[in-house]
Amino acid sequence: MTRDIVKEFLERTQYRHMGPTDQQKGIPQPPLQWPAEPGEQVRLPDPKGSEFGRVPLRTGIEERRSLREFSDAPLTIDELGYLLWATQGVQRVVPDRATFRTVPSAGARHAFETLIAAHRVEDIAPGLYRYRAIEHELIRWPTEAGFAEQLAAACHGQAMVARSAATFIWAADRYRMTYRYGERGIRYLHLDAGHVCQNLYLAAESIGAGTCAIGAFFDEQVNELLGFDGFDRFVIYLAPVGKRDRSTGA
């Protein structure tokens, strides 16, 4: 990356270059989440009734480590539902305006959609799903055979992407953020990704699992696999999750 690219991005996304945003122009805002695609729906257990995560916060912070090797143990559907709630769970909806969730987001825009590549999750058939946060459910996302291996290859060959119990894929909806903040919102998308993934690290620790955030991937390949254009919709972050292998001390 040249200095000119960095300088231009930082310069052009300063507030002094921002004109009126679409929100300020009175243009109706985009939907709070993508509409449901036709496909198999999987209702997730209500996380509020679970006992997951009842460990001291300090313990979770102190013991958090990136985990790249996983046991063959599956996640339960309750555990996956808990991890999804911890990273994008909706606590309150203001119809047609905003959602308030378990993670912070600039202006409560929450401009991510979570996709789950489920490999070993009890009561969920292997495949790719999108998390509908407001309904707390999964909906099947169409893929071709060999998707997991293709995704791993597109992530610089990081095998943990396909060997995890489930891999979280966060897709950014650019306009959901820039509607309010203009091009400066691109900065906020990347900040928000950190908020979400840190919650996943801590929540995974609380169920005897772990994760490893992935920012190293070939953008064009990953977006093409998911049918995204790479501009209005694009993958911003990934994180494979799996249970710890206690026999190895990992």
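Let's start with strand E4 (residues 112-118): seven of its seven residues are buried, so the rest of the structure largely encloses this strand. Keep in mind that this is a predicted model.

**Strand E4**
- In a regular strand, side chains alternate between the two faces of the sheet.
- Both faces of E4 are covered: Phe 112, Thr 114, Ile 116 and Ala 118 are buried on one side, and Glu 113, Leu 115 and Ala 117 are buried on the other.
- On one flank, E4 runs antiparallel to strand E7 (residues 166-173), with seven bridges between them, and Glu 113 sits opposite Ala 171 of E7.
- E4 also pairs with strand E5 (residues 127-132), again antiparallel, through five bridges; here Thr 114 has Tyr 131 as its bridge partner.

**The whole sheet**
- Seven strands make up an open, antiparallel sheet, in the order E1-E6-E5-E4-E7-E9-E8.
- Its edges are strand E1 (41-43) and strand E8 (209-211), each of which pairs on one side only.
- From one strand to the next, the twist averages 30 degrees.
- Helix H7 packs on this sheet and touches E4, E7, E8 and E9, with its direction at about 10 degrees to that of E9.

**The nonpolar core**
- The largest nonpolar core has 69 residues, and those touching the most other members are Leu 80, Leu 83, Ile 124, Leu 138, Phe 168, Leu 189 and Leu 226.
- Helix H7 (residues 185-205) is the top contributor to this core, giving 10 residues.
- Beyond its neighbours within four places in sequence, Leu 83 contacts Leu 75, Phe 168, Leu 200, Ala 203, Ala 204, Ile 207 and Val 241.

Methods:
Residues are numbered from 1 along each chain as its sequence is written. This is a predicted model: local features need pLDDT of at least 70, side-chain atom pairs count only at pLDDT 80 or more; totals for chains, interfaces and linings use all residues. Side-chain values use heavy atoms; hydrogens and water are left out. A nonpolar core is a set of buried Ala, Val, Leu, Ile, Met, Phe, Trp, Tyr and Cys residues joined through side-chain atoms within 4.5 Å. Buried means under 20% relative accessible area, exposed over 50%, partly exposed in between (1.4 Å probe, protein chains only). Helices (H or I, at least four residues) and strands (E, at least two) are DSSP runs, numbered from the N terminus. Contact means heavy atoms within 4.5 Å. Two strands pair if DSSP finds at least two bridges between them. Axes are lines fitted to C-alpha atoms, for helices over the stretch in contact, and angles run from 0 to 180 degrees between N-to-C directions.
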